[in-house]
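Please keep the sequence and the structure at hand while reading.

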Amino acid sequence: MTAPDPDPESKPGEPACRIAEITQYSCVPQKSAHGHPFVHCVPIPRLFRVCACASEPVVEVTRVLHIDVRTGCVEVPGPAGLELPKGNQWRDVVRYTDASAIEDQ
């Protein structure tokens, strides 16, 4: 993997970030008018913020970016629009197997 291209709006001392895109497909089996099976797929573009700092996670930002569906142009909001929410390390995530354990808290 290569280092991310620096963000022109990043300040000195801040990690350089870039936007990366993957295309995920949602597919469902269907039958043609003649009864022949085929798979119909719809592309779902997903956008992620990738920063050069190895300790910072890759974050999906698809919902906060402004995408023109006609042209495909992506408008990145100001730095405040891409601030990371407070999160937990995976080792600190609690997984409940019983719904009653959640209600007891």
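## C51

C51 has a relative accessible area of 8% and is therefore buried (buried means under 20% relative accessible area, exposed over 50%, and partly exposed in between, with a 1.4 Å probe and protein chains only). C51 belongs to strand β2, which covers residues 37–51; strands (E, at least two residues), like helices (H or I, at least four), are DSSP runs numbered from the N terminus. A16 is 35 residues away from C51 in sequence, yet the two are 5.5 Å apart in space, C-alpha to C-alpha.

## Basis of the values

This is a predicted model, in which local features need pLDDT of at least 70 and side-chain atom pairs count only at pLDDT 80 or more, while totals for chains, interfaces and linings use all residues. Residues are numbered from 1 along each chain as its sequence is written, and side-chain values use heavy atoms, with hydrogens and water left out.

## Disulfides

There are two disulfides, a disulfide being a pair of cysteine sulfur atoms within 2.5 Å. Counting bonded cysteines along the chain, the pattern is 1-4, 2-3.

The link of C17 and C51 is right-handed, with 90° about the S-S bond. C17 is in strand β1 (residues 17–31) and C51 in strand β2, so this pair ties together parts that are 34 residues apart in sequence. Both C17 and C51 are buried.

C27 and C41 form a disulfide with an S to S distance of 2.1 Å. The torsion about the S-S bond of C27 and C41 is about 115°, so this disulfide is right-handed. Since C27 lies in strand β1 and C41 in strand β2, the pair ties together parts that are 14 residues apart in sequence. C27 is partly exposed, with a relative accessible area of 40%, and C41 is also partly exposed, at 33%.

## T62

T62 sits in the loop between β3 (59–60) and β4 (66–67). T62 counts as buried because its relative accessibility is 18%.

The side chain of T62 makes a polar contact of 3.0 Å with the side chain of E60. A polar contact is a pair of N or O atoms within 3.5 Å; within protein, one must be able to donate a hydrogen and the other to accept it, and residues adjacent in sequence count only if both atoms are side-chain atoms. Leaving out residues up to four places away in sequence, T62 touches P45, R46, L47 and I67, where contact means heavy atoms within 4.5 Å.
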